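Here's a quick briefing to read with the structure open beside you. Have a look at the fold, then work through the notes below.

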Amino acid sequence: MSRFEKLLPPPMRRPPKPGEGNGYSDGSTAPGNEGNGNGFRTDDAGARVLDRAKEAPADLVGWVDERMGGSSFLTAMLLRKVPKGTNWFYTLGSATLFAFVVQALTGVFLAMYYTPSPVEAYASITYLTNDVFMGEFVRGMHKWGASVMVILIFIHMARTFFFGAYKYPRELNWIVGVVLLILTMVMSFTGYLLPFDQRSYWATIVGVNINGTGPIVGPYLSDFLRAGPEFGATTLQRFYAIHMLLVPGAIIALIGAHLYLVVKLGTTAPPWIRGDRKPKAARAEQVDAIATSNGDDPAHTASRTNGHH
């Protein structure tokens with residue numbers, strides 16, 4: 001039995017082969033073959049009902065898995081091979097994902113009390129901070145969690161770059177990561193205006209004016225963010241919609257694509273592991289051995305190999 005199967009409840013495991021008894025390979029008993037310790041099935045109806053009730057959650061999971069095939073995805077996700085030399089630097093992506101989940105959960109809580117109106121926005125934030133139970137704590141998690149997520153995604157991108165994990169065949173995953181970095185910055189920028197106090201108001205005006213200095217699309221981008229020629233109620237509502245709906249939805253979709261590519265393409269080994277290769281002479285001997293076993297001339301094979309490179 002594999003390590004993954006040991007984590008599953010007995011009803012979800014593969015049944016034993018014919019002739020191997022009524023139990024599983026780890027000693028557990030198959031459903032319906034429970035006994036009194038002597039190998040005989042009990043006739044206690046109450047005990048059987050209790051056993052079936054205990055197995056109901058596992059049966060439900062098995063029923064869903066049979067129709068969705070989630071176990072194969074979990075097997076590929078949890079039991080995939082990792083290269084030698086993997087260290088704590090490889091947890092930066094998971095840490096960034098965890099930071100995003102925290103931002104999403106705390107953001108839902110804040111949205112329950114926030115009012116995207118120039119007149120009521122600051123008052124709703126004040127009420128949330130001072131009067132709502134755990135409101136100040138949750139708002140602090142959301143505020144500082146935004147900075148933590150930005151720091152983590154920059155470090156994660158730096159690790160990917162210096163480890164050479166952006167090269168073939170992972171170029172598309174690198175592009176997805178760059179887009180996720182941009183969306184994270186957009187989410188931070190749009191969320192900064194939502195308290196609608198003096199600092200956030202004037203800082204956002206400066207940021208939008210800086211965007212307007214960009215070539216070609218800069219002025220159009222500024223008009224889109226302002227939702228008009230001047231800052232007003234529509235500007236706050238647009239920032240709120242971008243921050244709460246547009247950007248998080250795009251981030252969730254791209255995170256799914258990012259994880260799919262990570263599982264499909266595998267993890268890149270550290271550069272100090274990949275650099276430990278055989279010398280050129282050893283590689284030449286290996287080519288000669290393969291050519292000899294195939295009946296080719298080693299010198300001709302070597303010349304063709306050098307010509308291709």
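The average pLDDT (the predictor's confidence in each residue, from 0 to 100) is 83 for the chain, and 74% of the residues score at least 70. Watch residues 36-40, where pLDDT is below 50 and the stretch has 2 contacts (heavy atoms within 4.5 Å) beyond near neighbours in sequence. This is a predicted model, so to speak of local features takes a pLDDT of at least 70, and side-chain atom pairs count only at pLDDT 80 or more, while totals for chains, interfaces and linings use all residues. Residues are numbered from 1 along each chain as its sequence is written, and side-chain values use heavy atoms, with hydrogens and water left out.

**Overall make-up**
- You'll find 13 helices and 0 strands in the chain; helices are DSSP runs of H or I with at least four residues, strands are E runs of at least two, and numbering starts at the N terminus.
- Of the 309 residues, 27% are buried, meaning under 20% relative accessible area with a 1.4 Å probe, counting protein chains only.
- Among contacts with a separation of 6 or more, 62% are between residues 24 or more positions apart.

- Met-187 touches Phe-100, Met-149, His-243, Val-247, Pro-248 and Ile-251, leaving aside residues up to four places away in sequence.

**Helix 10**
- Its buried residues include Phe-239, Ile-242, His-243 and His-258, and the cover over the buried residues of helix 10 includes helix 4, helix 5, helix 6, helix 7, helix 8 and helix 9.
- Helix 10 bends by about 40 degrees at Ile-242, the bend being the angle between axes fitted to the seven residues ending there and the seven starting there.
- Just past helix 10 comes Gly-266, with a positive phi of about 85 degrees.

**Helix 2**
- With 24 residues at 1.5 Å a residue, helix 2 (residues 45-68) should span 34 Å, which agrees with the 33 Å between its end C-alpha atoms; the expected span is 1.5 Å times one less than the number of residues.
- Helix 2 bends by about 45 degrees at Ala-56, with Pro-57 following within four residues.
- After helix 2 comes Gly-69, whose phi is positive, near 70 degrees.

Technical notes. Buried < 20%, exposed > 50% of the residue type's maximum accessible area, 1.4 Å probe, protein only.
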